[in-house]
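Trainee: I would like to learn how to read a structure like this one, feature by feature. Could we look at it together?

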Amino acid sequence: MISTPVTYNDTIKEKVDSFNSIAHSEKRGTYWNNKDDLELEIVKKHIKEHYIHNQNYTCPYCQQRIVVEHNAVWDIEHIIPKSSHPQFLFEPQNLCVSCKDCNGEKLNKNVLVRPNAVRFPRDSTGYIFVHPHFDKYNDH
């Protein structure tokens, strides 16, 4: 299954655009961790809910399906790590949800053929693993 990217509307888009307008040199992946920013928490909830349903409660890495009433078993996954590439923090094709085990295993590992890429790679040839938006897991 190839995931459909999240879309941003209204106040969510304003919050994302606000981050994206920050100078590249000033962007930090730690922006994501600000639990006191209620607008950011709304954006994160929107992203998580989109991918949980879009991915049919299935982790794109291990293919484990976890259907629960709460969202705590899922982590929002930055496919290209936010620590190394904060400019892709809200890039829809850089986001998905993964199970806690897979997210913990992947952490900040490089996933790029060219680790110093400045532009977001928009097809599977830019990645060293199966990408949830560009590849079908069963084809690999």
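Mentor: Let us begin with a single residue, and keep in mind throughout that this is a predicted model. E105 has a relative accessibility of 55%, and because the cut-off for exposed is over 50%, E105 counts as exposed.

Trainee: Which side chain does E105 meet in a salt bridge?

Mentor: The general idea is that side chains of opposite charge can pair when their charged atoms come close. Here the partner is K109, whose side chain meets that of E105 with 3.2 Å from N to O. K109 itself counts as partly exposed, at 43% relative accessibility.

Trainee: How many salt bridges does a search of the whole structure find?

Mentor: The search finds nine of them. One of these joins K106 and E77, with the closest N and O atoms 3.0 Å apart. K106 lies in helix α3, residues 100-106, while E77 belongs to strand β1, residues 74-78, so this pair ties together parts that are 29 residues apart in sequence.

Trainee: Are K106 and E77 buried or exposed?

Mentor: K106 counts as buried, at 10% relative accessibility, and E77 is buried as well, with a relative accessible area of 1%. Both values can be read against the cut-off for buried, which is under 20%.

Trainee: Which residue forms a salt bridge with E39?

Mentor: It is K15, and the closest N and O atoms of the two are 3.8 Å apart. This pair links distant parts of the chain, since E39 sits in helix α2 (residues 38-54) and K15 in helix α1 (residues 10-20), 24 residues apart. K15 counts as buried, at 11% relative accessibility, and together with D37 and E39 it is linked in a network of salt bridges.

Trainee: With what is I47 in contact, leaving aside its neighbours within four places in sequence?

Mentor: I47 is in contact with V6, Y8, W32, I76, F90 and L95.

Trainee: How many aromatic pairs does a search of the whole structure find?

Mentor: There are eight aromatic pairs. Among them is the pair of Y127 and F134, which is tilted, with 5.9 Å from centre to centre and 40° between the planes. Y127 is buried, with a relative accessible area of 6%, and F134 is also buried, at 17%.

Trainee: To finish with a loop residue, where is the place of A72?

Mentor: A72 is found in the loop between α2 and β1, and with a relative accessible area of 48% it is partly exposed. Along the chain A72 and K100 are 28 residues apart, yet their C-alpha atoms are separated by 9.0 Å.

Key
Residues numbered from 1 in each chain as written. Predicted model: local features only at pLDDT ≥ 70, side-chain atom pairs only at ≥ 80, totals over all residues. Heavy atoms only, no water. Salt bridge = Lys/Arg side-chain N within 4 Å of Asp/Glu carboxyl O. Helix = DSSP H or I, 4+ residues; strand = E, 2+ residues; numbered from the N terminus. Buried < 20%, exposed > 50% of the residue type's maximum accessible area, 1.4 Å probe, protein only. Contact = heavy atoms within 4.5 Å. Phe/Tyr/Trp six-rings, centres within 6.5 Å; stacked < 30°, edge-to-face > 60°.
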